[in-house]
Amino acid sequence: MTATVAWRRGARTLGVAALVLFAACDRWGGATIEVSAGERLQVMRGWEALIGGMPECNLRAWDLARDRILELSANELGLNRVRLPLRSGTEAHRDPFVPYMRGETTFEDWKRTWTRAENDDADPFHADSAGFQWGFLDYTVETVVVPLREKLRARGESLWVNLDYVGGRTPMHADNPEEYAELVLAAFVHLRDRFGLVPNSMEIINEPNQRDTWSPEQVARALLAARSRLAAAGFTPQFIVPSTTTVEASLEYLDAMVRLPGVREAIGEVSYHGYGGGAPPVLRLAQRAQELGYPTAMLEKMGADEHDLYRDLTVGQISAWQQFAMVHCVQPDSGDGGGIYVRTIQADTLHPVTVLSTKSRRLRHYFRYIALGAQRVKATSSNDRVEATAFVNPDDRAVVVANVDRARTLRVRGLPAGRYGIRYTTDREDNIEGRDTVLSAGATLETRMPGVGVITIFGKR
């Protein structure tokens with residue numbers, strides 16, 4: 001063996017040893033995140049919150065806390081999509097919300113009317129204006145949706161409004177799709193004429209599989225009727241189905257629905273709630289939706305955390321995501337957020353305390369930096385205990401978010417040249433700002449995550 005050959009073999013051995021050592025170091029002390037911006041994945045359609053729970057608050061405390069709640073929601077947490085409930089009981093001959101707000105009836109009296117629909121008249125193609133009561137919808141839009149939209153506009157962003165039918169069984173709408181479509185059209189016209197607001201999407205029904213509320217065929221026929229009626233009036237929202245309680249049920253509903261003629265072309269987004277199953281059914285639904293050409297969305301899981309979000313982004317390929325409600329004053333923060341993004345403490349109704357709930361402080365590292373219209377790109381981590389995702393915002397700035405299991409050094413490769421900010425939250429520190437880094441083309445960004453938590457690396461102007 002010549003000296004040259006021996007050197008080459010020795011170098012190869014040392015090179016392999018170095019790679020093994022490097023991988024071991026990543027395993028126990030650090031991680032390398034590779035961003036492949038050329039491999040484009042799903043486009044984001046928003047970080048969603050249910051709008052509800054405000055009337056259950058002490059109204060004096062709610063009025064005092066409202067602006068702080070909206071400020072936290074828009075500018076601190078980064079919510080940019082709302083689920084606006086359209087209750088079937090909106091179709092009725094009197095408005096039970098008004099006497100409740102006046103203190104003339106109890107909360108339970110009002111709640112019993114939420115899905116107690118009364119037909120406006122016998123003709124589903126004629127809407128009698130006296131047969132629709134908009135008190136709760138108007139209150140919700142006036143006190144939350146419009147001011148939230150304005151706060152987002154102030155920083156150059158927009159609000160996605162998802163109108164969601166909530167009806168329980170309601171045979172009048174479940175069994176007669178034209179009656180359902182009449183209510184939906186009346187709501188779109190009312191929102192446009194009163195607020196200049198046209199929903200971006202229409203969620204056909206919330207959790208149709210709960211207690212066999214609606215069959216897949218009923219959901220499909222309601223979808224077709226609403227789409228036809230709205231299109232004739234000039235409205236073209238995205239239609240979201242089936243929003244069942246579990247991902248397994250969503251797959252069953254989807255397959256049953258697309259058998260009906262016209263349904264496949266009408267669907268705009270396939271949604272599920274995350275109360276059942278795990279990664280395997282999420283993957284199956286994502287693959288089926290991809291075959292049919294639909295984006296996916298996880299639109300409710302109370303108490304979901306950053307690890308659930310990572311799974312839904314990477315396995316489920318979701319374009320929209322919701323934990324649960326923006327604010328609900330009567331539910332305490334159980335330590336995990338309880339499904340509420342913003343916690344309001346009303347022990348002293350003249351001095352309510354409003355803060356982000358526990359899990360929101362970590363979800364913020366996704367929501368606040370990944371804008372509506374951002375596109376996820378491929379990101380891989382050398383350490384499976386570091387869950388990394390990457391995005392390109394509409395302004396072409398890159399964002400990398402990582403869920404980290406312990407204190408680690410992170411190296412990020414593949415970022416475009418520019419200035420990058422860093423924010424992180426751990427068990428001991430909240431929303432800490434790191435030192436900005438200026439990267440040249442091809443350079444690696446290195447930073448230290450001091451503990452278990454979530455870190456965001458984001459491009460700056």
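**Close-up views of a predicted model**

**View 1. The largest pocket and its lining.** Strand β3 gives the largest share of the lining of the largest pocket, three residues. Strands here are DSSP runs of E with at least two residues, helices are runs of H or I with at least four, and both are numbered from the N terminus. This is a predicted model, in which local features need pLDDT of at least 70 and side-chain atom pairs count only at pLDDT 80 or more, while totals for chains, interfaces and linings use all residues. Residues are numbered from 1 along each chain as its sequence is written, and side-chain values use heavy atoms, with hydrogens and water left out. The pocket holds about 700 Å³ of space. Of its 27 lining residues, Arg 83, Arg 87, Trp 114, Val 166 and Asn 206 lie nearest the centre. On a 1 Å grid over the protein atoms alone, a pocket is an open set of points with protein on both sides within 12 Å along at least five of seven lines, a cavity is a set where a 1.4 Å probe fits but cannot get out, and lining residues have an atom within 4 Å of a point.

**View 2. The second largest pocket.** About 480 Å³ of space lies here. Look for Glu 157, Arg 368, Asp 395, Arg 397 and Arg 461, which lie nearest the centre among 22 lining residues. Strand β20 (453-460) supplies the largest share of this lining, three residues.

**View 3. The largest cavity.** This cavity has a volume of about 150 Å³. Its lining has 13 residues, and Gly 89, Thr 90, Trp 110, Gln 133 and Phe 136 lie nearest its centre. Both β3 (81-87) and α5 (135-154) supply at least two residues of that lining.

**View 4. Phe 367 in the largest nonpolar core.** Phe 367 joins Ile 204, Trp 321 and Met 326 as the residues with the most contacts inside this core of 98 residues. A nonpolar core is a set of buried Ala, Val, Leu, Ile, Met, Phe, Trp, Tyr and Cys residues joined through side-chain atoms within 4.5 Å; buried means under 20% relative accessible area with a 1.4 Å probe, protein chains only. Beyond its neighbours within four places in sequence, Phe 367 is in contact (heavy atoms within 4.5 Å) with residues including Trp 47, Leu 309 and Tyr 341.

View 5. Within the helix (residues 306-314), the buried residues include Glu 306, Leu 309 and Arg 311.

Terms used: Buried < 20%, exposed > 50% of the residue type's maximum accessible area, 1.4 Å probe, protein only. Points joined across faces, edges and corners; volume = space filled by probe spheres on them.
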